[in-house]
Every structure is written in C-alpha cells, then in structure tokens.
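Dear colleague,

Please find the structure below, passed on to you for your own reading. A written account follows it.

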Amino acid sequence: MNSSTQSAWHDRTITFLGGGAMAKAMMQGVLQAGVPAARLRVADPAAAQRQALSAQFPGIGVFAANPEAATGADAVVVAVKPGVVTRVLDEITPLLDAGVVVISIAAGITLATLAAHLPANQPLVRVMPNTPALVGAGISVLLPTPQTLEPQRLLARQILEAVGLVEEIEQEAWMDGVTGLSGSGPAYVYLMAEALSDGGVASGLPRPLADRLAIRTLLGAAKLLEESGLHPGVLKNQVTSPGGTTIAGLEALEKAGVRGALMAAVQAAARRSHELGMAR
Ligand SMILES: NC(=O)c1ccc[n+]([C@@H]2O[C@H](COP(=O)([O-])OP(=O)(O)OC[C@H]3O[C@@H](n4cnc5c(N)ncnc54)[C@H](OP(=O)(O)O)[C@@H]3O)[C@@H](O)[C@H]2O)c1
C-alpha cells in the first residue's frame, strides 16, 4: 500500500453498529493499524456495554443510538446479531450519505435482503469473518455489490485486513460454504485440540502437558502448511515412515472416518447457513 492510500484510510470515520465480540476485535485491529481513536464510533443499546467500550477504547465515540453514530461516517459496519440487522438498517437508512459503504458481517443475511433495507445503489459489502480475528489471525471473505466503487471496496478491505487475511469472491452462493468452512471451522479445530489432548491423557500424559502439546501441534502444523506452500498430503507423507508410529495413527483416523466426518461437518454447516438465510 502506498503512503497516500494508507493515510486516506486513516482519515476515514468508521462506525460500528453493535459493540459485541466481533466489533471489539475489529476496532482493536483498526486502532492497531493506525486509525486514530477519534475516527472510530460505536453504537450499542446497553449502558454497561457502552461503559466497557469507553474503558477499553479511550477516545472513541460511543453512542446509544445507531442513527447518531452513523451520521457523517465513511463506513458503517453492521455488527449486530443477524436477527436485528434489518431493523438497524431501517433506522440508519434515512441518514446515510450516498458514498457511505455499509459492511455487514452478519451470518446468513444476503445482499438482496441488506439492499432492500438501504437506499438504492448504496455501496454495500457482505463479509464473513471468523473469531481468530480476536487475535489478528482471522480470515474474512468479502463480497461487494456491483454498485460498490473501488475506493469503498478498498476501505472495506482495509478494515478487515486489520484483523487478518482477506479473500474476495464474486458468487454469493459460495458464502454458505465459506460459513461452513472458515466461519464455523475454528470450532472444529477446538474439538480436535480437545480430543488430541484427551488422547495424550489416555496415553498417560498429565493434562496440562497434553493441552500444550495439542495446541502447539495444531499451530505448528498449520504454520508449516502455510509457509511451505506444500500440499497437506505431501507433508503427511513426509512424516509417515514405513511401519512407523504415524501410519498407525493415520490408519486409526481413516478407520474412524475422520476425513469424511470433517467434509460432512463443513457441508452440514453450509446447509444450515443456507437455511438461516432462507428463513429471513
Ligand atoms: N462471533 C463470530 O464467530 C462471528 C463470526 C462471523 C460473523 N459473525 C457475525 O457478527 C455479528 C456480531 O456477532 P458477535 O458475536 O459480535 O455478537 P455479540 O457479541 O452478541 O454482539 C452484538 C452486539 O450488538 C448489540 N446490539 C443488540 N441490538 C442492537 C441494536 N439494535 N443496535 C445496536 N447494537 C445492538 C448487542 O447488545 P446486547 O448484548 O445488549 O444485545 C451486542 O453488544 C453477527 O451478525 C454474527 O453473525 C460472528
């Protein structure tokens, strides 16, 4: 990014509607990326939550009402639960300037539903982030509408890049698969971490040691996979010696159908995402 692009985004006013877990993670990342606190605003109806937000992020604007927080913003991130998204959009729509980019991170809410509650041709980006955003290691998938111009798409991308990597897609039908894989995927990995640790304990290891080994094994393997650029099958073969320990472990996994179970998990979550989108 050149310095003029960088300063351009650091001058933008970014409003978060809903000050929950994802909004806090994104605000933290945006502040760490160098956006001044005075450029950030958040709206949340709960007084206790507003107090906590002011304490955690000194200098940001904290509002009780969504329209007040959205007025004059360059980007509005809709970070409320899916069930309240359209109500929140109806509240802010009369006050939105034509160039403001609306960024929805709500699971399952389609661009068509979002657009139906916004002025015609409002710049709009649908995003599926994931919770490793809390530690700056998220992956977010972005889908802008065709009406969203380059500077607004770029602003949305920069906001999400503050909490991890970004992928852009052009087909909304993929959002369900994205939700099933990267959106829900962290939970599958937590289950694996727990089970690996249980296996260590079953083999006689003390629990704290088993926990540390399980976490670092997942983290280290993922890092090697990403940094080497090698196919997972190649890396698996590299640690599998004839008649050795690892092939014995892999055989147990294959007999238990773990590979098929993971594929089914992604597809079940994708189906559920589709159902939730249809229900609105
Ligand atoms: N967490 C994830 O793993 C994840 C991953 C991908 C996408 N998402 C999406 O991110 C969005 C936010 O999720 P989250 O986990 O951050 O939820 P959350 O922690 O419950 O945050 C939502 C916040 O919005 C507030 N709120 C409720 N009604 C509001 C209104 N009318 N106006 C403004 N704020 C309002 C809530 O206040 P109260 O608590 O007082 O109701 C809460 O502080 C969801 O749409 C979700 O689908 C989450």
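Predicted model: local features only at pLDDT ≥ 70, side-chain atom pairs only at ≥ 80, totals over all residues.

Residues are numbered from 1 along each chain as its sequence is written.

Overall layout

The protein contains 13 helices and 8 strands; these are DSSP runs numbered from the N terminus, helices being H or I of at least four residues and strands E of at least two. Its C-alpha atoms fill a box of roughly 70 × 40 × 40 Å along the principal axes. Of its 280 residues, 34% count as buried. A residue is termed buried if 20 or more other C-beta atoms lie within 10 Å of its own, exposed if 12 or fewer do, and partly exposed in between, with C-beta atoms placed from the backbone.

The domain assignment gives domain 1 (3–172) and domain 2 (183–278); such bounds come from an automatic or database assignment. The centres of the two domains, taken over C-alpha atoms, are 33 Å apart. Contacts link 8 residues of domain 1 with 6 residues of domain 2, a contact being two residues whose C-beta atoms, placed from the backbone, lie within 7 Å. On the domain 1 side, the touching residues comprise 4 nonpolar, 4 polar and no charged residues. In these classes, Ala, Val, Leu, Ile, Met, Phe, Trp, Tyr, Cys and Pro are nonpolar, Asp, Glu, Lys and Arg are charged, and the others, Gly among them, are polar.

The ligand shell

Around the ligand there are 27 residues, of which G18, G20, M22, A106 and A107 come nearest. A residue belongs here if its C-beta atom, placed from the backbone, lies within 6 Å of the molecule. Helix α2 (residues 21–32) supplies the largest share of the shell, 3 residues. By class, the shell has 17 nonpolar, 8 polar and 2 charged residues.

Strand β6 (residues 124–128) is largely enclosed by the rest of the structure, because 5 of its 5 residues are buried. L124, R126 and M128 point one way from β6, while V125 and V127 point the other way. In a regular strand the side chains alternate between the two faces of the sheet.

β6 pairs with strand β5 (residues 101–104) in the parallel sense over 3 bridges; strands pair if DSSP finds at least two bridges between them. S104 has R126 of β6 as its bridge partner. Strand β7 (residues 138–144) runs antiparallel to β6 and is joined to β6 by 4 bridges, and P144 in β7 is the bridge partner of V125. Together, β5, helix α6 (residues 111–116) and β6 make a right-handed β-α-β unit; right-handed means that, with the strands pointing away from the viewer, the path from the first strand over the helix to the second runs clockwise.

Two single residues

N121 lies in the loop between α6 and β6. N121 counts as exposed because 12 other C-beta atoms lie within 10 Å. Phi of N121 is near 65°, a positive value in a residue other than glycine. Most residues other than glycine have a negative phi.

R41 is found in strand β2 (residues 40–43). With 22 other C-beta atoms within 10 Å, R41 is buried. Leaving aside residues up to four places away in sequence, R41 touches T13, T15, I60, G61, F63, A69 and A73.

With kind regards
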